Each structure stands twice: as C-alpha cells, then as structure tokens.
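These are my notes from a first look through this structure.

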Amino acid sequence: MDFTRRETLALGAGAAALTLLPVGASAASVDELVNEFTGGADVADGGVTLDAPEIAENGNTVPISVSAEGAASIMVLAAGNPTPPVATFNFGPLAGSSSASTRIRLAGTQDVIAVAKMADGSFARTSKEVKVTIGGCGG
Amino acid sequence: MKFKTMTAAATLALMTPAAVAADPDAKLVINGQIELTTETEAPEHLDRMRTIRSGWTFRTEDTQVLQMDDFDNPAMIYVDEARDAWYATEGAADQSCASCHEDPESLEGLRAQLPKWNEEAGKVYTAEMYVNECRTERMEAEPWGWDSQEMKNMTALISSVSRGETVDVQIDGPVRETWERGKEIYYSRYGQLELSCATCHEDNYDNYIRADHLSQGQINGFPTYRLKQANLVSMHNRFNGCIRDTRGVPYEVGSDDFVALELYVASRGNGLSVEGPAVRN
Amino acid sequence: MANVRPRVRTPRSASAGEVVSIKTLISHPMESGQRKDSQGNTIPRQIINRFTCDFNGESVLDVTMEPAISTNPYFEFEVKIPESGDFQFTWYDDDGSVYEDTKTVEVS
C-alpha cells in the first residue's frame, strides 16, 4: 500500500512504533532476585503502590514512586532491562513514610516490579507495565 | 501473550493520545511565582496559523510538572554551574562576566529579544555569539564551542533570568534580510525524505510521527533539557538533528544559515513567554 | 569526579514530630556501563551506588542504587522531624568518592 508522507504522518498516531513485544527475557533472574530479597518466603499480591506512567515520554528518564505502609524496605526491578535491579529503598526509624520517588531508565516496554518487606517480616509485591516508545524524528 | 509489531502502513492508533497528553487547560507557573504564557494568538507575520503554542503544551503531564519547580527541573543544575562560571575570573584580562555585568539578573529581558541585530558587527547575533565576543574581546579568554557544556550552561542561565518575559523578536529593519533567509529555510524541503520544518511543525503539529507528539517547533524553551540526552540541547543542535533526520546534509551549528533560521523561528513565537531552560522529551 | 554537585531541599523550620517532604538531586552522569564509544569500546560503569539521609545521626533513608537510576539521580521522600538538628546527606560513588551535604532544621 502506498502512503504519501502526509498520510503516513496522519496515520502515525503513536501506534506505529510502539514496541509491544516485551523487551528482554530476564524473567528468570527477576524471580531469583525476588527470592534473594525474600529468602524464599511467600509474597502477597498488593499492599505496595507503584506509580509509573502508562507511556513513558522517554525511556531515559521515567519518574516512578513506590509506597507500602509500614514497609521496612522496597526493592524495585525492571524486568526488561539488561540487568533488572533498579534500587532498594531502606527506610530508617526517622522515615516519615515508607515511600520514595525517583527517576529511572527503562530500555523498552516492560514490567516494573516493586517488592516490599513489611515490618512484620512478610512480603508484598506489585508490578506495572510501562510502555516505552520509539520516537519519530525528535526521538 | 503474543503481540504483533505494528507497521506504519497498517495501523490505527492503539493508544489514545488523550490518555497521556496533558490537560489542554493546564497552566505553567514556575515555583508558584512566574506565570508563563504557553498559548496565544499567532503574531501578525504568521498568516498560516491562528494560535501558537509552546512545546510545553505537547508533553505528557509527567514531563510538564518537571518544569514547574526549579528543584525538579533538571536543567537548573546546569544553570547553577553557569552561575559559578559567571563569577569566575578567566582569560588574560583577568575579568569575569560579573566584572562588567554584575549579577546574571542584570540580563533580564535580553533573551526575549534574541537573536537580534548587532550594529557594530553588522549582523544578527545570538546569545552564543554575544558570550563569545565578550570572552574573546573583553576577557581575552578562549571562545566556547557553540555546543560545549559551558556555552549551553551559560545560555541556559541567560534564558532563565528572562523567564516569563514575552518573546518579542525584531523582524524589520536591518534584520529583515536575515529573517527572510530564515523563512526560506523553514519552508524548504530537505533530505531524502523531502521534509521542511513546516511539514511537521506547521502542517502536522499535534499529530504523531511514529510515537513522537509533534509540537509547533517553537524555541522559547531553549536551551532545553531533553530527557533523551539527559542534558541541555541548543537550538542549532536541534535544527541540525531535525535536518539530519530528513536524511539530508544539515547546516552547521553556528552557521549563518542557522542563525537566520533561529531568528525566523524565534519570531514565530512572538507572544509566548520565555521558558528556557525547559524540559522536553 | 569534576562537577558533581549535590542539592537538597529541606524546610528551614518545622514543628516537633512533623512529617516533611525532602527532595535531593546530585549532578552525576550515572554511566551505566552499557554504552559504547565511537570506537565500539564499552564505556566503563561509574555510578553513584548508594545514597543515605540521616537526621541527628539517625537513619531516614538508605538507598542501594543501580545503573537503572537516571542521570542526575533524584529522590523525594518523607522524614519525621523530632527536634532541631542536622540533616546529613551522603552519596557514594563507584570510584570511592563520597559527596555530602548538610542542612539544619529549627524546631519551634
């Protein structure tokens, strides 16, 4: 099918270069990292909040926030990055809340995972898919 | 779960731009103090558009908020670097910027008029050219590369003290010839892809090119902190990049052609507020 | 490393027990070790690998950082301020450098 430049630009609508194929095959090492963090204990679903954009404007600087009430620490992983570990937040006695925000790098569309270690020794986990787009010209 | 990779030829939007685009009525206020005009009536000379919009209005909310606070704005680290450089003595004449200009705030209002006619030099001058003239003539120091970190930092500082001022670039008088040349470049098609600035930024702003939300290509936010480079980017660097992306041979950063283009593009933003250093994707 | 500059935003005063938001930033390229130069050689990793915030010697936050943290690492978090005192912010670089910043808070 032949498209004029004008039509191609009009059709673009973002979908054209969305890589929906998840990046990377580090699923195995994500499990290993989670097990290392939890010592093999059960991990509940939910109880951790992970805020991340649905579509990242640029994979180089993606703002995220994590929060888990009463958590002693929260580990963040990027399942599709060359190496999944992103950061581990350890909250001290003077932390006002078990929450933090930062900016991270995502190599492509993937799941960002947050695992929290609660004060009582239990664990909770959540994940969110962040789409990382390939830009047009500016990108 | 299997996904098919989409090709440009075959698809409709899967993602609704509205879901991630910012609230069109959002206002840009920096530090709760500086109110900026990000959308206004197009200047008279721009007869093909009714409204002009800053690049800020095309970015996602996450990116927009980064610009609203000088602490959150990553560009401000570089402005701080430039402040240090401002007060540092350099060159054989043992002068610093401060020796003549006192503090950076003394340049308030300047950025809103740049680039402009320099009578003595007999040509249009950009911020970079003024900085280097001071450095070589008055400080007797080495000039900074147009895209060097030091120069980008300094132009960011010069821009930052004019934030909120209304862009008002001269297009008549001695600058007219340069302005016409800039306009010519803006509407010329370049490269294998035969795209002109206007193809994207006038005829297709608000549309998407692949996953990029096209802006009007205004430069009131330059030098801008691009999330992609995680650093400041100059206007000429962006012009160069755009023409390179048409698969053409771009003009050089700092060239007369780009100075002319800068003048013309700046004038398309007459009426918007100086925003630089802004945050873009 | 040249031009590594920390910045922090803390309140100048607070009431006893108040929870306040702190923002920190440090200018650092966070070279991930993934990039290659124009010759094709891998640019070696050099990142800030740890950030800590203490108040009057007690821990508020201790972050283990990986190359996935963006250039110019930024953190925002909350602290419970018990009394007047000093914040101590510390960033640890792969190359052994340690960057610090301190801020005082008055509790009324």
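Which residues are linked with Asp69(B) in a network of salt bridges? I found Asp72(B), Arg9(C) and Lys23(C) linked with Asp69(B) in that network. I note at the outset that the model is predicted.

**Entry 1: salt bridges**

I searched the whole structure and got 26 salt bridges over all chains. I looked at some of the pairs one by one.

I began with Asp256(B), which forms a salt bridge with Lys123(B). The closest N and O atoms of this pair are 3.9 Å apart. A salt bridge is counted within 4 Å. I then asked where the two residues sit: Asp256(B) is in helix α10 (residues 256-268) of chain B, and Lys123(B) is in strand β6 (residues 123-125) of chain B, so the pair ties together parts that are 133 residues apart in sequence. I also checked how open each residue is. Asp256(B) is exposed, at 55% relative accessible area, while Lys123(B) is partly exposed, at 35%.

Next I took Arg268(B), which forms a salt bridge with Glu202(B), the closest N and O atoms lying 2.8 Å apart. I found Arg268(B) in helix α10 of chain B and Glu202(B) in the loop between α8 (197-201) and β7 (208-209) of chain B. The two are 66 residues apart, and the pair links distant parts of the chain. Are these two residues buried or exposed? I noted both Arg268(B) and Glu202(B) as buried.

I turned to chain C for one more pair. Arg35(C) forms a salt bridge with Glu31(C), and here the closest N and O atoms are 2.8 Å apart. Arg35(C) is partly exposed, with a relative accessible area of 48%. Glu31(C) has a relative accessible area of 12% and is buried; the cut-off for buried is under 20%.

**Entry 2: a sheet**

I wrote down the strand order of an open sheet of 6 strands: β2(A)-β4(A)-β7(A)-β6(C)-β3(C)-β1(C). The pairing in this sheet is antiparallel. Which strands are at the edges? I have β2 (49-51) of chain A and β1 (6-9) of chain C, each of which pairs on one side only. The twist from one strand to the next averages 20 degrees.

**Entry 3: the largest pocket**

I recorded a volume of about 920 Å³ for the largest pocket. How many residues line this pocket? I have 38 in the lining, and those nearest the centre are Arg105(A), Ala230(B), Pro29(C), Met30(C) and Thr71(C). The elements giving two or more residues to the lining are α3 (75-87) and α6 (149-160) of chain B. Of the elements, α3(B) gives the most, with 5 residues. I sorted the lining by class and got 17 nonpolar, 15 polar and 6 charged residues.

**Entry 4: cavities**

My search of the whole structure gave 4 cavities of 30 Å³ or more.

The largest cavity has a volume of about 670 Å³. I counted 35 residues in its lining, with His201(B), Ser215(B), Gly217(B), Arg238(B) and Cys242(B) nearest the centre. At least two lining residues come from each of α8, β8 (212-213), β9 (224-226), α9 (235-244) and α10 of chain B. Which element supplies the largest share? I noted α9(B), with 5 residues. By class, I have 16 nonpolar, 14 polar and 5 charged residues in the lining of the largest cavity.

The second largest cavity has a volume of about 100 Å³. I found 13 residues lining it, of which Arg111(B), Ala127(B), Thr155(B), Pro223(B) and Met235(B) lie nearest the centre. Both α5 (127-138) and α6 of chain B supply at least two residues of this lining, and the largest share, 3 residues, comes from α6(B). I close this entry with the classes for the second largest cavity, which are 7 nonpolar, 3 polar and 3 charged residues.

Note on methods
Residues numbered from 1 in each chain as written. Chains lettered and ligands numbered in written order. Predicted model: local features only at pLDDT ≥ 70, side-chain atom pairs only at ≥ 80, totals over all residues. Heavy atoms only, no water. Salt bridge = Lys/Arg side-chain N within 4 Å of Asp/Glu carboxyl O. Helix = DSSP H or I, 4+ residues; strand = E, 2+ residues; numbered from the N terminus. Buried < 20%, exposed > 50% of the residue type's maximum accessible area, 1.4 Å probe, protein only. 1 Å grid on protein atoms, 1.4 Å probe; cavity = no way out; pocket = protein on both sides within 12 Å on 5 of 7 lines; lining within 4 Å. Points joined across faces, edges and corners; volume = space filled by probe spheres on them. Nonpolar A, V, L, I, M, F, W, Y, C, P; charged D, E, K, R; others polar. Pairing = 2+ DSSP bridges. Axes fitted to C-alpha atoms, helices over the stretch in contact; angles between N-to-C directions.
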